[in-house]
Amino acid sequence: GVPAVVDLAAMRDGIKGLNGSAAKINPLVPVDLVIDHSVMIDEFGHPRAFQLNVDREYERNMERYVFLKWGQKAFNNFRVVPPGTGICHQVNLEYLAQTVWTDTDQHGQMVAYPDTLVGTDSHTTMVNGLAVLGWGVGGIEAEAAMLGQPVSMLIPEVVGFKLTGTMMEGTTATDLVLKVVQMLRQHGVVSKFVEFYGDGLDRLPLADRATIANMAPEYGATCGFFPIDAETLRYLHMTGREEGRIALVEAYAKANGMWRDDGYDPIYTSTLHLDMGTIVPAISGPKRPQDFLPLTAAKASFATEMMNGFKRPQGVEIAVKGEDYTLSSGKVVIASITSCTNTSNPYVMIGAGLVARKARALGLNRKPWVKTSLAPGSQVVSEYLNAAGLQEDLDAIGFNLVGYGCTTCIGNSGPLQPEISAAIAEGDLVATAVLSGNRNFEGRISPDVRANYLASPPLVVAYALAGDMNIDLTTEPLGMGTNGPVYLKDVWPSTAEIAELVERTVTRAAFQKKYADVFKGDEKWQAVQVTDSETYDWPPTSTYIQNPPYFKGMARDPGTIQNITGARVLALLGDMITTDHISPAGSFKATTPAGQYLTERQVPVSEFNSYGARRGNHEVMMRGTFANIRIRNEMLANPDGTGVEGGYTLGPDGKQTSIFDASMAYQAMGTPLVIFGGIEYGAGSSRDWAAKGTALLGVKAVIAESFERIHRSNLVGMGVIPFEFTGGMTRKSLGLKGDEVVSITGLSGDLKPLSIVDCVIASADGTVRTIPIKCRIDTEIEIDYVEHGGVLHYVLRDLATA
């Protein structure tokens with residue numbers, strides 16, 4: 001949200017520079033900004049953890065909150081849900097979304113129409129569980145949509161996913177969605193819509209549907225849609241929506257052929273089928289959400305990963321200073337109930353509470369090296385956990401409330417105990433994290449953790465009790481209780497137990513109570529004071545908020561698309577380079593370019609916060625681009641042949657240096673840059689800074705085997721042209737080393753969408769090859785965007801001359 005408001009504020013300055021009115025930079029459609037990415041888990045495992053984390057959140061982020069509150073006053077159609085309320089997708093599902101909207105049309109007539117949205121986070125798709133068509137876009141595309149620009153796209157294929165059968169006893173919606181992710185990744189649904197249908201939906205609560213819809217980015221689809229049916233109406237009622245609205249949703253859906261009944265069987269491009277009766281308890285990991293593991297195979301899989309993936313010996317024991325235990329590879333050091341993906345689902349949250357209750361009664365507790373946390377996506381979760389008496393049980397084993405926000409899921413897991421961190425480093429151990437989130441990419445969760453596993457909240461609790469991935473939870477004890485060994489079956493609740501508590505404690509009154517004053521905020525938020533001004537008074541010394549350079553000195557007329565000549569390779573990257581690799585969200589060290597920038601401005605390391613918290617400052621974010629601690633540039637290798645981890649490349653002098661420093665040196669010489677990648681380049685978050693940072697580093701083109709939808713769009717939106725290899729060629733088949741000089745012709749003149757153009761690659765040995773590549777500017781309007789230097793430049797010029 002902060003980068004979007006920064007851009008809008010900068011556009012107000014920019015339009016005045018073009019002699020336009022600043023008031024024209026104003027959302028034309030309703031915009032809700034939910035502050036959910038800021039809270040970090042500094043404190044955990046005790047009753048004051050929540051309040052102390054909130055206090056720390058305000059200390060770290062006050063500059064950002066002042067700025068956002070200014071935006072709330074300065075822009076119309078713009079509301080801010082304050083920090084400490086919840087996660088945007090869960091707040092949207094439980095309160096903001098209406099399924100069918102009403103408004104007056106251009107003739108003054110009241111009309112009803114389907115609820116749709118775009119959001120600046122890839123998991124915006126969660127609301128498709130409520131039959132609201134929506135998906136994630138980059139902030140730049142969302143800003144353009146706010147200002148009246150249509151969202152352009154190629155008409156997608158629609159894949160039908162038929163669900164039948166009934167879930168077995170002991171399985172959860174998390175187990176189901178992890179299987180769905182695996183199946184759809186194998187099927188291939190990038191840039192496609194998926195619709196779920198079949199009689200299995202009769203037995204699939206809306207909370208479970210929302211879990212499946214939430215993870216559309218993980219299975220690669222634009223969205224995973226569920227049609228309107230009786231369950232949709234039940235959920236709207238339970239969450240406190242007005243009865244008149246619910247009646248309208250039913251009438252509208254039935255009148256327009258959008259109601260799912262027994263005969264609902266649309267025609268799809270292709271179909272898949274899953275019998276939910278075949279689902280087993282599962283986790284996914286250690287590096288990708290689609291790496292599905294039946295729980296029975298988890299222990300053996302970790303052993304295989306240690307040998308073939310991490311290439312480290314097992315059994316190395318390291319003493320932890322001041323403690324009476326040792327650490328070894330596989331020990332679970334983070335167990336986090338986090339993320340809207342699962343905390344929006346009362347069935348798995350009540351299930352986690354019941355596991356805690358049974359474990360507590362049997363004398364079990366978390367292992368002392370496990371950092372435990374509970375960060376729900378809305379305050380309603382605390383309401384029903386308290387009503388059921390389960391929060392007390394969760395507290396007893398360390399799962400105290402730490403905040404209402406994304407926390408561990410986006411890398412805000414906070415520091416580990418220093419002695420534990422030191423032991424991991426000393427032994428070069430593969431420490432593990434188990435979280436109820438949606439992503440487990442390398443370097444995302446914690447700098448101390450290499451193996452990350454996605455699991456249901458009840459299994460997160462179980463792994464906290466066991467404390468080790470080297471234990472088979474299905475056959476070995478979780479630990480020793482008061483009366484001997486305790487097994488998973490001893491603490492696992494029945495479906496009936498969960499359903500009874502959900503029915504009793506998850507009520508319409510609870511939702512209405514917690515959302516009655518959703519925009520009010522706590523005393524800290526209410527005390528934030530802001531000035532009343534049309535344009536923002538950028539504080540020159542702020543290290544959080546800076547006026548970005550995009551619109552400074554912008555001409556009134558657009559440019560033209562030019563051939564790329566004499567470009568050098570900034571990075572040669574592998575498959576599934578995620579937006580986390582390109583623009584990490586987590587913490588960073590003083591030795592990084594971003595850390596050096598802050599240190600030069602007298603910011604102590606303890607106040608660095610995270611990349612995610614500093615997205616309002618382009619100086620930090622461009623230094624953090626391609627700076628993920630696990631990214632490997634294939635231009636570099638260690639003496640033993642292993643890849644060099646971190647944001648490094650070769651500079652103009654041929655020596656290893658940071659990607660940021662190399663970029664600055666090349667830009668000073670006037671040399672354009674290119675990036676080469678593999679398949680699924682830009683997977684993951686809708687993070688627009690992955691494209692903004694790429695553009696600010698002087699990259700003119702990214703050439704990959706394939707792109708994920710959002711990042712491709714974001715690159716175009718920043719004026720960076722994406723290209724795809726053709727004819728089965730890859731960076732590997734071409735033998736690229738990174739010392740090549742690259743030129744791309746066929747761009748100047750009358751470029752058409754999806755054109756095949758020539759790429760001339762001159763190697764250091766004098767060899768010159770010309771290969772055809774596909775220009776992934778997909779639509780005519782995108783050509784206009786690139787000619788203008790980006791979508792916001794296009795919108796700004798259009799508004800200035802309107």
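How do the residues of the lining of the second largest cavity divide into nonpolar, polar and charged? They divide into four nonpolar, seven polar and two charged residues, where Ala, Val, Leu, Ile, Met, Phe, Trp, Tyr, Cys and Pro count as nonpolar, Asp, Glu, Lys and Arg as charged, and the others, Gly among them, as polar.

The model is predicted, and totals for linings use all residues, whereas local features need pLDDT of at least 70 and side-chain atom pairs pLDDT 80 or more. Residues are numbered from 1 along each chain, and side-chain values use heavy atoms, without hydrogens or water.

The structure contains six cavities of 30 Å³ or more. A cavity is a set of points on a 1 Å grid over the protein atoms alone where a 1.4 Å probe fits but cannot get out, and lining residues have an atom within 4 Å of a point. A volume is the space filled by probe spheres set on the points, which are joined across faces, edges and corners.

| Cavity | Volume | Residues closest to the centre |
|---|---|---|
| Largest | about 140 Å³ | Glu141, Ser152, Ser713, Tyr785 and Val791 |

The largest cavity is lined by 15 residues; helices H4 (139-146), H26 (709-717) and H27 (780-788) each give two or more of them. Helices are DSSP runs (H or I, at least four residues), numbered from the N terminus. By class, this lining has eight nonpolar, five polar and two charged residues.

For the second largest cavity, H26 gives the largest share of the lining, three residues. This cavity lies between domain 2 (89-280) and domain 4 (564-583 + 632-801), because both give residues to its lining. The domain bounds come from an automatic or database domain assignment. In the largest cavity, each of these two domains supplies at least three lining residues.

Methods:
On a 1 Å grid over the protein atoms alone, a cavity is a set of points where a 1.4 Å probe fits but cannot get out, and a pocket is an open set with protein on both sides within 12 Å along at least five of seven lines; lining residues have an atom within 4 Å of a point.
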